[in-house]
Amino acid sequence: NLTLKIIDVVTFFKMSSLALVILLGIVHLCEGNTENIKVGFNDTNWEPQLWGEAWNSVLWAYNGWISICVMLGEVKDPSLLPRIVAISMSIVTTLYVMAVISYHSVLPMSIMKSSRPLASVLASEKMGTSGEVIFAI
């Protein structure tokens, strides 16, 4: 029970952070700031090795699939599993795509190539030092 409450709290903060990133990007675009997003895929490196490295990083980011066997034991009605997976993956995919669009609309590519966490950089750009501190926590 305590573990589930901790997971719920952490998930709430992750989703709230994503929602704030998305909101900051929407506000930025609504203000008419489209210069960063207009460049599209300019200067994209099309080398297959680098794309493979990027996909490897993405797979590690979505490493939650390892826990699916443990979680399946907790599902009361396994017939709901396909619907649960479809809905949850749709929500996560939508949130992350919207966050990426927000990053691209607010931050120039030169900043996004840096090794700093993008959420902190975006918050710093739009909210100042306090925003960076909030996302650092």
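## A tryptophan pair

Tryptophan 51 is partly exposed, with a relative accessible area of 37%; here buried means under 20% relative accessible area, exposed over 50%, and partly exposed in between (1.4 Å probe, protein chains only). Tryptophan 46 is exposed, at 57%.

This is a predicted model, where local features need pLDDT of at least 70 and side-chain atom pairs count only at pLDDT 80 or more, while totals for chains, interfaces and linings use all residues. Residues are numbered from 1 along each chain as its sequence is written, and side-chain values use heavy atoms, leaving out hydrogens and water.

## Two aromatic pairs

Rings of Phe, Tyr and Trp (its six-membered ring) pair if their centres lie within 6.5 Å; planes under 30 degrees apart count as stacked, over 60 as edge-to-face and the rest as tilted. That rule gives two aromatic pairs. Phenylalanine 12 and phenylalanine 13 have ring centres 5.5 Å apart and planes at 70°, so they meet edge-to-face. Tryptophan 46 and tryptophan 51 are stacked, with 5.4 Å centre to centre and 15° between the planes.

Are the two phenylalanines buried or exposed? Phenylalanine 12 is exposed at 54%, and phenylalanine 13 is exposed at 51%.

## Helix H1

Helices (H or I, at least four residues) are DSSP runs, numbered from the N terminus. H1 covers residues 2–30.

Which residues of H1 are buried? They are Leu18, Val21, Ile22, Leu24, Gly25 and His28. These buried residues pack against helix H4 (81–106), helix H6 (118–127) and helix H7 (129–136), where contact means heavy atoms within 4.5 Å. After H1 comes glycine 32, whose phi is positive, near 90°.

Terms used: Helices (H or I, at least four residues) and strands (E, at least two) are DSSP runs, numbered from the N terminus. The expected span of a helix is 1.5 Å times one less than its number of residues.
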